[in-house]
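Work through the exercises below with the sequence and the coordinates at hand. Each task sentence is followed by a solution in steps.

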Amino acid sequence: MRRSSSAGRPAAGGRAPRQRAGDAEQLGFEGMPERLFVCTPSKLGAFADCPRRYRYSYVDRPTPPKGAPWAHNSLGASVHTALKNWYALPADRRRPEALATLLKGTWVREGYRDDEQERAAYRRALGWLEAYVETLEADSDPLGVERVVAVKTAVLAFNGRADRIDSRPGPEGPELVIVDYKTGRSGLDTDDARGSQALALYAYAAERVFRRPCRRVELHHLPTGTVAGHDHTVESLARQLTRAEETARDIMTAERAVADGADADEAFPVAPGPRCGWCDFRRHCPTGAQVPGKEPWAAVDRHTDS
């Protein structure tokens, strides 16, 4: 909950406001540490992409209604959950023929143009999964699957759910690897892995949670069967962390400004661009509404109609 920057100041007559249970870290008395910014990769990414979208998602209450569900999100969620459930099976049951049942059990039907497109998407997704599990060691368990990792810094209280955390041999012992499944656009390369703030934050947090080195991050693109990886250094992880903290400070500054009466549109400006057509809140944003909206199924056409 946002609090006005006046919280903790003596009210008229010199009486301090009554402190409610749980507010000890939020009142801002002199000498007390600044409240940490609680965040996930998607929360930081929303602000970096468009502060206005962040405001609609995390600040405005009630939250403006979103548009229709996106088929590509349904497709991605279905594949991710199927892989999670694959690892939940006993090792001797992790066979390609189990995937059809797993995918049917996790299939999300929202957003598709029609039954024909949905069936084509299902067949394509099953093919991706069958090809992908052939590259895995069925009897080898990752250190974590859909594992939440969390860490605190001087600015952030970060938590995120990594698709997979592997433990692999390193020159000085076991090392962790962050694996992120991708079902969307093709052409991912090492620059995408290197530049991903989310992957870097997962690695930074995982290293502290498990107390093992974690520098390697990988994007596993199931439609093409390709892997884009990058080996971070201590310094490159620190740079990504600094970027995340700078974003958090910008968010907290904007939220304080709104709490103090500033115009919300000025505090959270719009960042117009191609993303506007895909924004859940396009119809509520005067700038975004000028961009033609994408159909909910448009992003899966390149997979199912080619």
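**Exercise 1.** Determine whether Glu146 is buried or exposed, and describe its backbone.

Step 1. Glu146 has a relative accessible area of 17%, and because buried means under 20%, exposed over 50% and partly exposed in between (1.4 Å probe, protein chains only), Glu146 counts as buried.

Step 2. Glu146 belongs to strand 2, residues 144–152, where helices (H or I, at least four residues) and strands (E, at least two) are DSSP runs numbered from the N terminus.

Step 3. The phi angle of Glu146 is near 50 degrees, a positive value in a residue other than glycine. Most residues other than glycine have a negative phi, and most peptide bonds are trans.

Step 4. The model is predicted, so that local features need pLDDT of at least 70 and side-chain atom pairs count only at pLDDT 80 or more, whereas totals for chains, interfaces and linings use all residues. Residues are numbered from 1 along each chain as its sequence is written, and side-chain values use heavy atoms, with hydrogens and water left out.

**Exercise 2.** Work out which parts of the chain the salt bridge of Asp231 and Arg216 ties together.

Step 1. A salt bridge requires a side-chain nitrogen of Lys or Arg within 4 Å of a carboxyl oxygen of Asp or Glu, and the side chains of Asp231 and Arg216 meet in one at 3.1 Å, N to O.

Step 2. Asp231 lies in strand 6 (residues 226–231) and Arg216 in strand 5 (residues 214–221), so the pair ties together parts that are 15 residues apart in sequence.

Step 3. Asp231 is partly exposed at 49% relative accessible area, as is Arg216 at 24%.

Step 4. Both residues take part in a network of salt bridges that links Arg164, Asp166, Arg168, Arg216, Glu218 and Asp231, and a search of the whole structure finds 18 salt bridges.

**Exercise 3.** Classify the geometry of the ring pair Tyr56 and Phe281, and then that of Trp70 and Trp278.

Step 1. Rings of Phe, Tyr and Trp (its six-membered ring) pair if their centres lie within 6.5 Å, and planes under 30 degrees apart count as stacked, over 60 as edge-to-face and the rest as tilted; by this rule the count comes to ten aromatic pairs.

Step 2. The ring centres of Tyr56 and Phe281 are 5.7 Å apart with the planes at 50 degrees, so the pair is tilted. This pair links distant parts of the chain, with Tyr56 in helix 2 and Phe281 in the loop between helix 9 (264–267) and helix 10 (301–304), 225 residues apart.

Step 3. Tyr56 is buried at 5% relative accessibility, and Phe281 is buried at 2%.

Step 4. For Trp70 and Trp278 the centres are 5.4 Å apart and the planes stand at 50 degrees, so this pair is tilted. Trp70 is buried, with a relative accessible area of 11%, whereas Trp278 is partly exposed, with 32%.
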